[in-house]
Protein chains: 2
Amino acid sequence: MRQDNRLSGALHVLLHMAEAGRPVTSEALARALDTNPVVVRRVMGGLREQGYVRSVKGHGGGWTLSCELERVTLKDVYEALGSPQLFAIGNRSDNTQCLVEEAVNISISEALADAEARLMARFGEITLAALSADFHRRLAERGGPATLEEIHI
Amino acid sequence: MRQDNRLSGALHVLLHMAEAGRPVTSEALARALDTNPVVVRRVMGGLREQGYVRSVKGHGGGWTLSCELERVTLKDVYEALGSPQLFAIGNRSDNTQCLVEEAVNISISEALADAEARLMARFGEITLAALSADFHRRLAERGGPATLEEIHI
DNA sequence: CCGTATCGTAATTTATGAAGTTACATGAGA
DNA sequence: TCTCATGTAACTTCATAAATTACGATACGG
């Protein structure tokens, strides 16, 4: 089953924007993600609605962060994307009069809901600042200072 | 994203077989699932390989359980199906030289792995016997004795 | 004001994999 | 031998994220 990569892409973009410190165009972000500017704009739309980023048209325009990295978690980003479907498995049908299926559905649904709650709790604990710090840690370990080229901006 | 319903379907079929107490044809099982006999055979293939069910061709043939309901968990069934992809979300790319993406990927992957472990633990605790008991509880609550028609066999 | 850079978005195409379907071979009982 | 079943390959359908195309709107620089 094909995967939904929007969360991964959005986080990647947000961290790149944090490094840039100035407006970054969809074009440049798309290059970092190896994708298309339209895909970037689509993904960023939800983040803009939640006030996490701003976009400016025209010369010198592009995307800038408008939030504090400490205050935004992976859960916030996930929800800004519209809380995409999390699981690739699910119940065969949800309105059933078959009691066997009812028993099966409930047990699967409860287990999935539990796993989802756990995942959201984890996502809620990870801030963009933590991700950024992790990135800088890796950068330091690998040696050498960051250049704009190194982070593809 | 479209869902994978094989686990739900397999469990449904197994419980119906447990009620029947005699070989049930793919045709009959497909009717209970409102699907196609070929789909049933495909799903059941993995269960047969693990020895949870047997199939017999020809007159009076069909599928029968060959395991004790107490000894088989949802996890066993899930794994017999080939451990289908669990999450609909994932990392954009797994081989990256971008440290930003690396940091993002690891944090998402760890959270997903944690949720998956939790889900598998839950699945490992639920036996087919428990599902069957739950079904019979619902049947009793709804009143009236079970007939073969009621459970679509 | 004009030209260009940039976002906004609708419409279309592509890609993927489960589900559904068709077709036919194989095997087992009556 | 005939019919009932499974076994399986091949093909079609379906849903949806991603990718692409196209065009409109806006903002800055000259």
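## The surface near DNA strand C

By class, seven nonpolar, 12 polar and 11 charged residues make up the surface near DNA strand C. Near means that a heavy atom of the residue lies within 4 Å of the strand. Ala, Val, Leu, Ile, Met, Phe, Trp, Tyr, Cys and Pro count as nonpolar; Asp, Glu, Lys and Arg count as charged; the others, Gly among them, are polar.

This is a predicted model: local features need pLDDT of at least 70, side-chain atom pairs count only at pLDDT 80 or more, and totals for chains, interfaces and linings use all residues. Residues are numbered from 1 along each chain as its sequence is written, chains are lettered from A and ligands numbered from 1 in the order written, and side-chain values use heavy atoms, without hydrogens and water.

## Who comes nearest

Of the 30 residues around DNA strand C, the nearest are S26(A), R48(A), N5(B), T35(B) and R42(B).

T35(B) has a polar side-chain atom 2.6 Å from a phosphate oxygen of DNA strand C. R2(A) places a polar side-chain atom 3.3 Å from a base nitrogen of DNA strand C.

## Helix α3(A)

α3(A) gives the largest share of the surface near DNA strand C, four residues. Helices are DSSP runs (H or I, at least four residues), numbered from the N terminus.

Which helix gives the largest share of the lining of the largest cavity? Again α3(A), with four residues. That lining has seven nonpolar, one polar and one charged residues.

Notes:
A polar contact is a pair of N or O atoms within 3.5 Å; within protein, one must be able to donate a hydrogen and the other to accept it, and residues adjacent in sequence count only if both atoms are side-chain atoms. Helices (H or I, at least four residues) and strands (E, at least two) are DSSP runs, numbered from the N terminus.
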